[in-house]
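Here is a colleague's note on the model, in numbered points. Please read it with the structure open.

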Amino acid sequence: AELVVAYHPALFEAIKRVRHDSVLHRAIRADVAVWSPHTALDVAPGGTNDLLADALGLEEREPLRFLASADGGGIGRIGVLPTACTRAELISHLKRELWVEAVLVAGPLEGVVTRAAVCAGAGRGLLDDAIAQKANLYLTGELPHHDALKAAAADMTVVCVLHSNSERAALARLK
């Protein structure tokens with residue numbers, strides 16, 4: 001192979017050296033390119049976060065946080081549901097749409113959802129954005145305990161489908 005497409009990049013932080021027994025070293029020595037679309041796919045129209053927004057049926061969606069880019073894009077998504085539904089109904093719907101049997105839920109279980117936000121993967125970095133923009137529900141892959149309590153205190157229901165489950169469905173679109 002001359003190219004490996006790996007969703008998660010081999011490097012998350014800068015490194016000063018490449019170990020001789022690493023996969024990265026073997027790829028370099030064999031002149032194999034590695035392409036990791038993770039972050040680009042997160043922000044791309046139709047990408048990972050749009051897939052989660054589609055699972056919710058979000059309309060009038062926009063990035064949860066805009067990025068300084070020429071196309072005006074951004075990370076995460078926020079929007080409105082076409083019709084208000086109960087939190088329990090929406091959680092059941094999400095499990096079917098994302099092909100997961102169980103989810104982690106924090107916050108209120110009663111009441112309706114009219115506005116929701118999504119962040120694929122680790123949702124901690126966009127939680128404050130979702131709260132500030134008055135989302136009733138926040139769909140993400142994972143969220144630390146104290147952040148889930150913060151969301152619950154803001155009357156927001158958090159639904160965590162686990163990190164890889166929040167991203168995996170986008171691979172079919174990428175294919």
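1. Terms first. Two strands count as paired if DSSP finds at least two bridges between them. Helices (H or I, at least four residues) and strands (E, at least two) are DSSP runs, numbered from the N terminus. By that reading, three bridges join S7 to S10, and these strands run antiparallel.

2. Basis of the model. This is a predicted model: local features need pLDDT of at least 70, side-chain atom pairs count only at pLDDT 80 or more, and totals for chains, interfaces and linings use all residues. Residues are numbered from 1 along each chain as its sequence is written, and side-chain values use heavy atoms, with hydrogens and water left out.

3. Overall picture. The protein has seven helices and 10 strands. Along the principal axes, its C-alpha atoms fill a box of roughly 55 × 30 × 30 Å. Of its 175 residues, 40% count as buried. Buried means under 20% relative accessible area, exposed over 50%, and partly exposed in between (1.4 Å probe, protein chains only).

4. Surface and contacts. The protein exposes about 10,100 Å². Carbon and sulfur atoms supply 57% of that area. Accessible areas come from the Shrake-Rupley method with a 1.4 Å probe; for residues, only the protein chains shown count as cover. A contact means heavy atoms within 4.5 Å. Among contacts with a separation of 6 or more, 57% come from residues 24 or more positions apart.

5. The sheet. Six strands form an open sheet in the order S3-S6-S8-S9-S10-S7, with mixed pairing. Strand S3 (59-62) and strand S7 (104-106) stand at the edges; each has a single partner strand, so one side of each is left without a neighbour in the sheet. The twist averages 25° from one strand to the next. Axes here are lines fitted to C-alpha atoms, for helices over the stretch in contact, and angles run from 0 to 180 degrees between N-to-C directions.

6. S3 pairs with strand S6 (residues 77-86) in the antiparallel sense, over two bridges. Glu 62 has Ile 78 of S6 as its bridge partner. Helix H3 (residues 48-56) lies across S3, S6, strand S8 (112-122) and strand S9 (137-142). H3 runs at about 150° to S8.

7. How does S10 pair with S9, parallel or antiparallel? The two run parallel, joined by four bridges. Thr 140 has Cys 160 of S10 as its bridge partner. The chain crosses from S9 through helix H6 (residues 145-153) to S10, and this β-α-β crossover is right-handed. Right-handed means that, with the strands pointing away from the viewer, the path from the first strand over the helix to the second runs clockwise.

8. Side chains of S10. In a regular strand the side chains alternate between the two faces of the sheet. In strand S10 (residues 157-160), Thr 157 and Val 159 point one way, and Val 158 and Cys 160 the other way. All are buried.

9. Salt bridges around Arg 61. A search of the whole structure finds seven salt bridges. The criterion is a side-chain nitrogen of Lys or Arg within 4 Å of a carboxyl oxygen of Asp or Glu. Arg 61 forms one with Asp 50, the closest N and O atoms being 3.3 Å apart. The pair links Arg 61 in strand S3 to Asp 50 in helix H3, 11 residues apart. Asp 54 also forms a salt bridge with Arg 61, at 2.8 Å between the closest N and O atoms. Asp 50, Asp 54, Arg 61 and Arg 77 are linked in a network of salt bridges.

10. Is Asp 50 buried or exposed? At 9% relative accessibility, Asp 50 counts as buried. Arg 61 is partly exposed at 29%. Asp 54, in helix H3, is partly exposed at 35%. Leaving out residues up to four places away in sequence, Asp 54 touches Arg 61 and Arg 173.

11. A helix-to-helix pair. Asp 128 forms a salt bridge with Lys 150, the closest N and O atoms being 2.6 Å apart. Asp 128 lies in helix H5 (residues 127-132) and Lys 150 in helix H6, so the pair ties together parts that are 22 residues apart in sequence. Asp 128 is partly exposed, at 44%, and Lys 150 is partly exposed, at 39%.
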